[in-house]
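Visitor: I have a model open and would like to talk through how its parts are put together. Could you walk me through it?

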Amino acid sequence: MANPNVGQQVAAQWQKVIGNKPEDNIFKEYSFLSLLEKNGAAPVTGGRSFIGTIEYAVNTTVKAISDTESLDVSRVDVFDEAEYTERQYGGVFVISTFEEAINRGSSQKIDLLAGKAENLRQSMRKQINSDAFAAGTGFGGKSLGGLQVLVPDDPTTGTRGGINAATYTFWRSQQTSGAKTTSAYDNLRSSMRTINVACSLGQGNTTPTHFLTGSGTCNGYESILVANERIVSKEKSQANAGFDDDAFMFKQAKVVWDNDCADSRMYALRFGQNGLRLAYQSGHWFKAYPAVDPANQLLDVVKIETICQLVTFNPRHLGVVTSIS
């Protein structure tokens with residue numbers, strides 16, 4: 001029987017499309033960025049940098065006195081500010097008039113334009129989430145300053161917000177080691193207790209809200225929990241593994257993981273006031289611009305932009321457990 005090209009079965013029947021959009025085989029859930037968006041978002045309008053006022057010293061004129069003793073009338077400076085440079089991210093997708101023409105009507109398997117737009121958005125989320133763990137050296141130093149800047153392994157070094165932590169002790173985050181003594185993770189919970197107290201303002205006051213680590217260490221934490229252990233919240237009583245976002249609990253903080261976080265580290269974080277914030281220019285958080293039509297090409301170029309920076313104006317409430325094993 002003749003088969004001059006593709007065959008009778010191919011010529012007689014269309015394939016049946018399952019689903020109406022591409023199945024994602026690339027991207028992951030970017031937990032850290034989601035936490036920042038949900039708990040630490042700080043939109044601003046205008047300005048060339050992100051600044052915040054800080055209180056950094058006590059008033060040294062206070063003393064015990066006799067009834068006629070003179071007070072010290074020296075002026076004591078107790079306020080200053082921290083300043084963070086804004087960072088810009090950009091990306092594009094291209095769609096030609098030919099692609100648009102053939103991706104129409106009943107022949108359309110997926111919406112190509114919407115698919116490319118979503119792929120670009122997720123690609124930018126992926127990059128920003130990855131940079132949020134890093135030291136701000138990506139793309140020739142143009143990436144945002146991540147946790148290795150704000151909560152470094154050695155809190156006595158580095159400059160963040162224009163203030164040198166080597167010089168000013170009040171500007172240091174917290175750190176402790178989680179290295180094992182004998183068996184894997186045998187010191188993890190004790191190091192979490194240590195960093196929790198170090199990051200707290202006082203007994204149960206301004207404590208970490210999240211412990212963020214890699215998936216391996218999160219699994220390790222689960223493995224050392226007592227099988228019948230229960231943590232009870234004020235809102236509801238439930239087993240240790242049953243809190244929102246599928247998170248475990250340590251005291252009042254959720255233990256969560258992100259694929260971009262190294263398993264050797266666990267960050268003790270607060271978000272928002274007295275903690276970590278994601279500052280961004282309002283209207284420029286994954287902003288899509290109108291398509292541009294080049295004069296000499298039959299295509300459209302769509303740009304997307306984000307202007308942001310990771311900031312803190314109170315690093316003493318942030319900490320890291322290092323060398324976890």
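Guide: Thr213 has Met266, in strand 13, as its bridge partner. This is a predicted model, in which local features need pLDDT of at least 70, side-chain atom pairs count only at pLDDT 80 or more, and totals for chains, interfaces and linings use all residues. Residues are numbered from 1 along each chain as its sequence is written, and side-chain values use heavy atoms, with hydrogens and water left out.

Visitor: How many bridges join strand 8 to strand 13?

Guide: There are four, between residues 210–213 and residues 266–269, and the two strands run antiparallel; strands here are DSSP runs of E, at least two residues long, and helices are runs of H or I, at least four, numbered from the N terminus.

Visitor: And what order do the six strands of the open sheet take?

Guide: The order is 7-17-13-8-12-11, with mixed pairing, where two strands pair if DSSP finds at least two bridges between them. Strand 7 (174–177) and strand 11 (248–250) are the edge strands, each pairing on one side only.

Visitor: Changing topic, which residues touch the most other members of the largest nonpolar core?

Guide: Among its 45 residues, they are Phe32, Tyr84, Leu147, Tyr267, Leu269, Leu276 and Leu310. Such a core is a set of buried Ala, Val, Leu, Ile, Met, Phe, Trp, Tyr and Cys residues joined through side-chain atoms within 4.5 Å, buried meaning under 20% relative accessible area (1.4 Å probe, protein chains only).

Visitor: Which strand gives the most to this core?

Guide: Strand 16 (residues 299–312) does, with five residues.

Key:
Buried < 20%, exposed > 50% of the residue type's maximum accessible area, 1.4 Å probe, protein only.
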